[in-house]
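Let's walk through this one together, moving from one neighbourhood to the next. Have your viewer ready, and follow along as each residue is named.

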Amino acid sequence: MNPATALATVLVDELTRCGLTDVVMAPGSRSAALAMALFEQSKVRLHVRIDERSASFLALGLAKRSGRPVAVVCTSGTAAANFHPAVVEAHESGVPLLVLTADRPPELRETGANQTIDQMKLYGSATRWSCEVGVPEERPGMVAYWRSLASRAWHVALDPDPGPVHLNLAFREPLVPDGDESWCEPLDGDAPGPWTKVRAATPGSVLHVPPTRRGVLVVGDGAVNVKRYVAAASMAGWPVLAEPNGNARYGDHALSSHHFLLGVPEFVERHHPEVVVTLGKPGLSRPLLSYLRRAEEHVVVTPSLARWPDPVRSATQVAQEAEIPVVSGDDAWLKAWRSADLVARNAVDAVLDETGELSEPRLARDLASAMPGGSLLLAAASMPIRDLDQTMHPRRGIRILANRGASGIDGLVSTAVGAAMAHGNRAFALLGDLAFLHDQNGLVIGPQDHRPDLALVVVNNAGGGIFSLLPQAAFSESFERVFGTPHQVDLASVAAAHGLPYTRLEAMDGLTKVMAGEGLRIVEARTDRAANAALHARMRDAAHEAVRAFLGA
């Protein structure tokens with residue numbers, strides 16, 4: 001057996017013993033040994049994509065929803081460089097990825113050899129671990145090295161701080177099986193399980209939060225143990241300020257309009273928190289981030305003490321676990337939050353429901369409300385997730401994801417496809433037109449590959465809608481060209497090019513009908529950027545006015 005085939009065979013076998021079930025692969029020659037070993041491995045569900053960036057974000061979506069490491073494989077050269085955006089997102093959002101890049105052997109590097117770049121530590125500090133595996137050789141001890149390496153890669157990607165691991169695999173030719181099955185030592189492992197069994201350390205001591213009725217639980221992206229802390233906050237009489245992708249916006253204590261409440265100075269002054277406990281990484285609302293600074297005690301709960309989210313540098317204590325005590329007393333604090341939240345929500349809803357016309361924030365609100373129980377929603381990191389944050393009513397039974405680690409628009413179609421396949425139930429994605437066009441290659445799925453039950457709901461406002469809400473919009477001469485970035489792409493033609501069903505949502509009363517389809521499909525909702533900016537201003541003004549009137553009553 002040639003060394004390339006031996007390494008690939010052992011590596012794939014050991015990763016499946018660790019628990020690998022999904023691999024995304026982009027085609028190439030230098031990675032041929034890995035490709036053929038994966039094709040022969042019946043325990044792995046193989047996904048093939050022709051575009052490396054799409055492949056890496058597909059793997060990201062699979063791993064993000066499943067919580068398990070997913071491997072992504074490519075050949076050498078710029079193929080590996082195209083993984084970089086997904087590696088960055090996985091690093092920032094704590095998603096376990098196994099990045100397996102094939103490479104030329106050392107003697108071909110820096111010689112002008114075809115398809116050769118410097119791949120050592122290619123992703124810089126964006127990996128939990130990066131390893132130059134070395135050129136495989138036929139000599140005793142290599143199998144132990146390869147299996148130990150694969151076990152370590154699996155567990156570093158998963159615990160205690162999930163994220164991407166990079167194995168750079170240098171292969172000499174021949175790159176395909178040569179018909180000889182002999183090797184100098186047995187290739188199979190001694191036991192059915194992983195070569196190295198890792199026992200994670202138990203979390204540190206529990207931090208006991210100071211007892212108070214004037215506390216707030218904030219839940220942001222990537223939060224873990226959400227149900228436990230929501231239940232504790234409910235027992236303590238605290239309001240829950242949850243971003244949609246924190247998946248804690250449910251129950252009687254969850255608010256839906258904290259973005260608007262915290263934009264009213266009079267409300268903030270009267271609702272000074274003694275303690276704020278934060279799960280995950282908040283970042284959708286500037287008023288919420290500003291509010292974190294006002295807490296006398298800000299406790300950040302994080303799975304790993306190696307990194308913790310503290311975007312406004314307000315954390316006073318950081319812990320892996322915290323206990324929110326039950327405190328006796330009246331519930332005036334909670335009632336004040338809930339009453340003001342209801343006033344703000346009703347004001348926002350009244351603005352959205354003035355007409356039956358299609359609008360971006362109403363589409364976000366109504367889509368989240370109309371999704372069947374058990375559904376998944378992936379929202380783009382720009383306007384769609386913010387529209388959800390400002391309009392979504394509390395509800396149970398759905399899962400919301402967003403690539404908010406680096407908050408980019410890269411690879412969102414592919415991420416949605418991967419997340420939908422890992423979810424295994426009805427799935428939806430709410431994307432802007434630029435995010436959709438940025439990852440059109442995510443629609444290129446081969447006839448033998450799995451396809452999800454996923455509706456891609458694309459808000460088409462012919463450009464970058466979020467910029468119309470930012471100060472850049474005041475510079476009318478330059479705005480449209482360098483920020484609005486209009487396009488003339490016909491989304492129906494894009495759908496036709498990929499053989500996908502296409503529907504145009506004309507008005508809000510047609511939402512339920514367009515949601516009822518099956519398989520991978522595209523739903524387009526056309527809006528106007530200027531009208532959207534004006535609508536957001538009306539929502540804000542109406543909510544603030546209603547809250548001020550409530551406080552003065």
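A residue is called buried here when its relative accessible area is under 20%. Please keep in mind that this is a predicted model.

How many aromatic pairs does the model hold? The count comes to 6 aromatic pairs. In one of them, the ring centres of F267 and W337 lie 5.0 Å apart with the planes at 85 degrees, and because planes over 60 degrees apart count as edge-to-face, this pair is edge-to-face. The two partners come from distant parts of the chain: F267 belongs to helix α9 (residues 265-270) and W337 to helix α11 (residues 332-352), 70 residues apart. Look around them and you will find that F267, Y291, W333 and W337 make up one aromatic cluster.

Now turn to another aromatic pair, F479 with F483. Their rings are stacked, at 6.1 Å centre to centre and 25 degrees between the planes. Both sit in helix α16 (residues 476-484), and because they are 4 residues apart there, about one helical turn separates them.

R529 is located in helix α19 (residues 529-552). Which side chain does the side chain of R529 meet in a polar contact? The partner is the side chain of E480, at 2.7 Å.

The charged end of R152 sits over the ring of W129, 5.9 Å from the ring centre.

Finally, let's visit the nonpolar cores. The largest has 50 residues, and the members touching the most other members are V24, L431, F436, L443, L454, L456 and I522. Take L454 as an example: beyond residues up to four places away in sequence, L454 touches A416, V417, A420, A427, F428, A429, G519, L520 and R521.

How values were computed
Residues are numbered from 1 along each chain as its sequence is written. This is a predicted model: local features need pLDDT of at least 70, side-chain atom pairs count only at pLDDT 80 or more; totals for chains, interfaces and linings use all residues. Side-chain values use heavy atoms; hydrogens and water are left out. Helices (H or I, at least four residues) and strands (E, at least two) are DSSP runs, numbered from the N terminus. A polar contact is a pair of N or O atoms within 3.5 Å; within protein, one must be able to donate a hydrogen and the other to accept it, and residues adjacent in sequence count only if both atoms are side-chain atoms. Rings of Phe, Tyr and Trp (its six-membered ring) pair if their centres lie within 6.5 Å; planes under 30 degrees apart count as stacked, over 60 as edge-to-face and the rest as tilted. A charge sits over a ring if NZ of Lys or CZ of Arg is within 6 Å of the ring centre and within 35 degrees of the ring normal. A nonpolar core is a set of buried Ala, Val, Leu, Ile, Met, Phe, Trp, Tyr and Cys residues joined through side-chain atoms within 4.5 Å. Buried means under 20% relative accessible area, exposed over 50%, partly exposed in between (1.4 Å probe, protein chains only). Contact means heavy atoms within 4.5 Å.
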